[in-house]
Structures are given as structure tokens and as C-alpha cells.
Amino acid sequence: METQCTLKVRTYECDSYNHVNNANYLNYLEYARYEFLKDIGFNYEGAFKAGYGTYISRIEIDYKRPAFTDDTLLIKSKPLKMGAVSGTISQEIWRGEDLIIAAKVTWAFVDSRGMPTKIPAEFDVPGLKP
């Protein structure tokens, strides 16, 4: 399942060249992952209250083109791989027909000690799987 969300680039996210500073793309991707989890019915707040979390263990980003102040960006997120404890999500940021970045984000489900743990059935929603 692919989900999509949009955001508009704000002036303070840009560097002296007037394009988005590369570190801000991590924020954009995080925002889109949270929207992805909501869209697929993952109970993020419930998992947190139950003592679980999702930790990012790896992010690979290919920067294709710059984004600029006031650009409206479309972020697409979809699962690529899923295991008992972790998975990988594909994320792309688009401005119209231009691919801005392509990313692969690997995450792990963790317990209250921050240790990887099998996802309990109540949080193992179908949308996490490719």
C-alpha cells in the first residue's frame, strides 16, 4: 500500500543557496512516515502506551534535484520488506514530475528497553507488509 502526503517548503528550511538543506529531508521523511502509519491503521500511540516503539536503524537517501522555498512537495511512502521485528519503507519526494529524493528507511520494533522485539499481533497491521 502506498500512501501520499504533501508539504510546502518553508524559508527557514533552506540554505544560503535557497534550496532545502539536506538535513531537512530527514524531517520531511519522518513526517511522511507518521502519516503512513496513520493511513495504514497502525496504532502508534497505543504501541507507545504499551511500552513499544519504532526506531530507525538506517536511512539511505539519493538526492536527485534540489527543492526550493515555497515548493509544494509530494511524499510517497510504501513498504518494501517486512520481517518479524523490522522492515524497510521506500520513500520518494516529488515536485510535480521531478523526483527530488529517493530513500529507503529501515526500522525496528522495540520494547520499553529499546531492544528489538517481535511485533505483537495487535500492532502487526497488513499495511506494514509489501
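**Entry 1. Burial and overall form**

I looked up burial and found that buried residues make up 41% of the 130 residues in the chain; buried means under 20% relative accessible area, exposed over 50%, and partly exposed in between, with a 1.4 Å probe and protein chains only. The model is predicted, and local features need pLDDT of at least 70, side-chain atom pairs count only at pLDDT 80 or more, while totals for chains, interfaces and linings use all residues. Residues are numbered from 1 along each chain as its sequence is written, and side-chain values use heavy atoms, with hydrogens and water left out.

I noted an accessible surface of about 7,500 Å² for the chain, of which 49% belongs to carbon and sulfur atoms; the areas come from the Shrake-Rupley method with a 1.4 Å probe, and for residues only the protein chains shown count as cover.

For the radius of gyration I read 15 Å, which agrees with the value near 14 Å that a compact globule of 130 residues would have. This radius is taken over C-alpha atoms, and the globule rule is 2.2 Å times the number of residues to the power 0.38. Along the principal axes, the C-alpha atoms fill a box of roughly 45 × 25 × 20 Å.

**Entry 2. Elements and contacts**

I found two helices and five strands in the chain, running β-α-α-β-β-β-β from the N terminus. Helices (H or I, at least four residues) and strands (E, at least two) are DSSP runs, numbered from the N terminus. Among contacts (heavy atoms within 4.5 Å) between residues at least 6 apart in sequence, 67% join residues at least 24 apart.

**Entry 3. Salt bridges**

Arg65 and Asp98 form one of them, at 3.6 Å from N to O. Arg65 lies in the loop between strand E2 (53-63) and strand E3 (72-82) and Asp98 in strand E5 (residues 98-110), so the pair ties together parts that are 33 residues apart in sequence. Arg65 is partly exposed at 45% relative accessible area, and Asp98 is partly exposed at 27%.

Asp71 and Arg95 form another, at 3.0 Å from N to O. Since Asp71 is in the loop between E2 and E3 and Arg95 is in strand E4 (residues 86-95), the pair ties together parts that are 24 residues apart in sequence. Asp71 counts as buried at 15% relative accessibility. I recorded that Arg65, Asp71, Arg95 and Asp98 are linked in a network of salt bridges.

I also noted Arg113 with Asp111, at 2.9 Å from N to O. Arg113 counts as exposed at 65% relative accessibility, whereas Asp111 counts as buried at 16%.

**Entry 4. Arg33**

I then turned to Arg33, in helix H1 (residues 24-39). Arg33 is buried yet has no salt bridge, and the nearest side chain of opposite charge, Glu30, is 5.2 Å away; Lys and Arg count as positive and Asp and Glu as negative, with His and the chain ends not counted. Leaving aside neighbours within four places in sequence, I found Arg33 in contact with Ile56, Ile89, Gln91 and Val105.

**Entry 5. Positive phi**

Most residues other than glycine have a negative phi. I found a positive phi near 65° at Asn18, in the loop between strand E1 (3-8) and H1. Asn18 is partly exposed, with a relative accessible area of 40%. Asp70 has a positive phi near 75° and is found in the loop between E2 and E3.

Technical notes:
Salt bridge = Lys/Arg side-chain N within 4 Å of Asp/Glu carboxyl O.
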